[in-house]
Amino acid sequence: ALELSDYDRDQSSNGVARLPVGLKNKRLRVLVTGGAGFVGSHLVDRLMERGDSVIVVDNFFTGRKDNLVHHFSNPRFELIRHDVVEPIMLEVDQIYHLACPASPVHYKYNPVKTIKTNVMGTLNMLGLAKRINARFLLTSTSEVYGDPLEHPQVETYWGNVNPIGVRSCYDEGKRTAETLTMDYHRGLNIEVRIARIFNTYGPRMCIDDGRVVSNFVAQALRKEPLTVYGDGKQTRSFQYVSDLVEGLMRLMEGDHVGPFNLGNPGEFTMLELAKVVQDTIDPNAKIEFRENTADDPHKRKPDISKAKKLLGWEPKVSLREGLPLMVSDFRRRIFGDEKDTQG
Ligand code: NAD
Ligand code: UDP
Ligand code: UDP
C-alpha cells in the first residue's frame with residue numbers, strides 16, 4: 001500500500017494553485033539549470049515545443065552548446081554562461097534545477113566543486129525561487145539510497161550511504177540538496193518538487209563520461225572490448241531519456257512534492273547489458289573484466305508505484321527499443337555524418 005507522508009501533497013499552496021488558473025495554457029518562463037547537458041537539453045526541447053520561454057544557465061563543465069544550438073535563433077530561448085555556485089537574479093515562473101555533474105568520472109574529478117554545486121548551487125536556486133515566488137524542481141538521484149539494503153527502492157527508504165567515500169561528494173551532496181529543498185518548502189512555503197532519477201541513457205550523453213551505457217556503446221562501435229567492472233553481476237535499471245523528461249514535466253505540473261522515483265524498473269546485470277549491446281551493435285564484441293570502483297552499489301531498481309499512482313507516469317521505452325536510438329547518435333558523433341548509415 002502506498003503511504004503518503006505529510007509532505008507528499010504540496011501544502012505551500014494549501015491545495016490551491018498559487019499560479020493563475022489556466023497556467024498550463026499560459027506561456028511560462030522556465031529556468032533550466034544544467035540545460036546544456038544530456039537530460040537538460042532534452043527537457044529544453046520539450047519546453048520549447050510547448051511554447052514556453054526558456055532560460056538555460058550552465059557553466060559548460062559537462063554540457064555543450066551543441067546540445068542547444070538548434071534553439072539559438074528562437075527569441076523565446078536564452079543561454080547564460082553562469083556557475084550556480086554564484087548568485088543570480090532572474091524572473092521566471094518555474095525552475096528546473098539540474099546543474100551538477102552526473103557521471104562518477106565527472107563528479108569525482110573535483111569533489112569539493114561537486115559538493116559546492118549541490119549545496120551552494122541549490123541554495124542559490126532556492127533563494128531565487130523564494131524571491132520571485134517560482135516553483136522549484138530538484139533533480140536528485142537514486143544514489144541517495146547508496147548501496148541499498150532494501151530492494152527495490154521505495155521513496156520511504158532512507159538509504160545506506162558512506163559519508164566519507166569517493167562517491168560521497170555526489171550522494172551526500174544530493175541528500176543535502178534534498179534537505180535544503182524540504183527546509184525551504186516547510187519553513188518558507190516555497191513550492192518544491194523532488195525527483196530521484198535512476199540511471200538514464202540516450203542521445204547526447206557525453207561519449208567518454210565513463211558511465212556504463214556510454215562506455216559499452218562507444219566501445220562496441222570502436223571495435224574495442226566492453227569493459228565489465230567486477231564480476232558484472234551488479235544490477236542497474238536503465239531509463240530512456242524521453243521517459244524521464246515526461247516524468248519531470250508531470251512532476252513539475254502536478255500537485256505533489258515527492259520525492260518521486262523516476263526510473264525504469266527493468267533490471268539488468270552489467271553482463272546482461274553487455275549482451276544487449278552486443279545484440280544491438282556487434283555480436284562479436286569481446287568482454288574484458290576490470291577491477292570494480294570503490295563503493296559500487298550492488299543493485300538498484302526503482303519501485304515506481306508512487307509515480308504511477310500520483311503522476312500517472314510510467315516508462316514506455318524498453319532498453320532494447322531505446323538503445324538503437326542512442327547508438328545512431330553515438331555513431332554520428334564518433335565517426336562523423338558520412339559514416340552514419342543507420343540514421
Ligand atoms: P550532465 O553532466 O549531462 O548535465 C549537467 C549539466 O550541469 C551540464 O550541462 C553541466 O555543464 C552543468 N553544470 C555542472 N555544474 C554546474 C555549475 N556549477 N553551474 C552551472 N552548470 C553546471 O548530466 P545529466 O545526466 O544531464 O544530469 C542532469 C541532472 O540529473 C543532474 O543533476 C544529475 O545529478 C541528475 N541525474 C542524472 C542521472 C542520469 O543517469 N543521467 C541520474 C540521476 C540523477
Ligand atoms: N539568491 C540568488 N538569487 C536571488 C535571490 C537569492 O542567487 O534572486 C541567493 C542568495 O545570494 C543567497 C541564497 O540565494 O546566497 C539564499 O537566499 P535567501 O534569500 O534564501 O537567504 P539569505 O540571502 O537570506 O541567506
Ligand atoms: N560499469 C562497468 N563498465 C564500465 C562502466 C561502469 O561495468 O565501463 C559498471 C559500474 O561498476 C557500475 C555500473 O556499471 O556497477 C553502473 O555504472 P555507471 O557509472 O554507469 O552508473 P552508477 O554507478 O552511477 O549507477
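Helices here are DSSP runs of type H or I with at least four residues, strands are E runs of at least two, and both are numbered from the N terminus. The views below show a predicted model.

Most peptide bonds are trans. Helix α4, residues 168-188, lies across β5 and β6. The direction of α4 makes an angle of about 155° with β5.

**The cis bond between G258 and P259.** Omega is near 5° for the peptide bond from G258 to P259, which is cis. P259 sits in the loop between α6 and β11.

**The open sheet of 7 strands.** The strands are ordered β3-β2-β1-β4-β5-β6-β11 and pair in parallel. The edges are taken by β3 (77-81) and β11 (260-262); each has a single partner strand, so one side of each has no neighbour in the sheet. On average, and with direction ignored, neighbouring strands are turned by 20° against each other.

**Strands β1 and β2 side by side.** The two strands pair in the parallel sense, over 5 bridges. V30 is placed opposite V54 of β2. Of the 6 residues in β2, 5 are buried, and the strand is mostly covered. In a regular strand the side chains alternate between the two faces of the sheet.

**Strands β6 and β11 side by side.** Strand β6, residues 192-197, runs parallel to β11, and 3 bridges join them. R196 has N261 as its bridge partner in β11.

An α-helix has 3.6 residues a turn, so residues three or four places apart point the same way. Just after the helix, G51 has a positive phi of about 100°.

**Two asparagines with positive phi, N133 and N189.** Most residues other than glycine have a negative phi. N133, in the loop between α3 and β5, has a positive phi near 60°. N189 has a positive phi near 65° and lies in the loop between α4 and β6. Why does N133 count as exposed? N133 has 12 other C-beta atoms within 10 Å, and a residue is exposed if that number is 12 or fewer. N189 counts as partly exposed, with 15 C-beta neighbours inside 10 Å.

**The shell around ligand 1.** Ligand 1 is surrounded by 28 residues, of which the closest are G34, G37, V39, T62 and G63. Two or more residues come from each of α1, α3 (111-132) and β5 (135-141). The largest share, 3 residues, is given by α1. Sorted by class, the shell holds 13 nonpolar, 13 polar and 2 charged residues.

**The shell around ligand 2.** The residues around ligand 2 include P87, I88 and M89. L123, N124, G127, L128, K130 and R131 also belong to this shell. The classes are 5 nonpolar, 2 polar and 2 charged.

**The shell around ligand 3.** Around ligand 3 there are 15 residues, and the closest are R211, V212, N215, T227 and Y229. The elements giving two or more residues to this shell are α5 (212-221) and β8 (226-229). Strand β8 gives the most, with 3 residues. There are 5 nonpolar, 7 polar and 3 charged residues in the shell.

Conventions:
Residues numbered from 1 in each chain as written. Chains lettered and ligands numbered in written order. Predicted model: local features only at pLDDT ≥ 70, side-chain atom pairs only at ≥ 80, totals over all residues. Near = placed C-beta within 6 Å. Nonpolar A, V, L, I, M, F, W, Y, C, P; charged D, E, K, R; others polar. Pairing = 2+ DSSP bridges. Axes fitted to C-alpha atoms, helices over the stretch in contact; angles between N-to-C directions. Contact = placed C-beta atoms within 7 Å. Buried ≥ 20, exposed ≤ 12 C-beta atoms within 10 Å, placed from the backbone.
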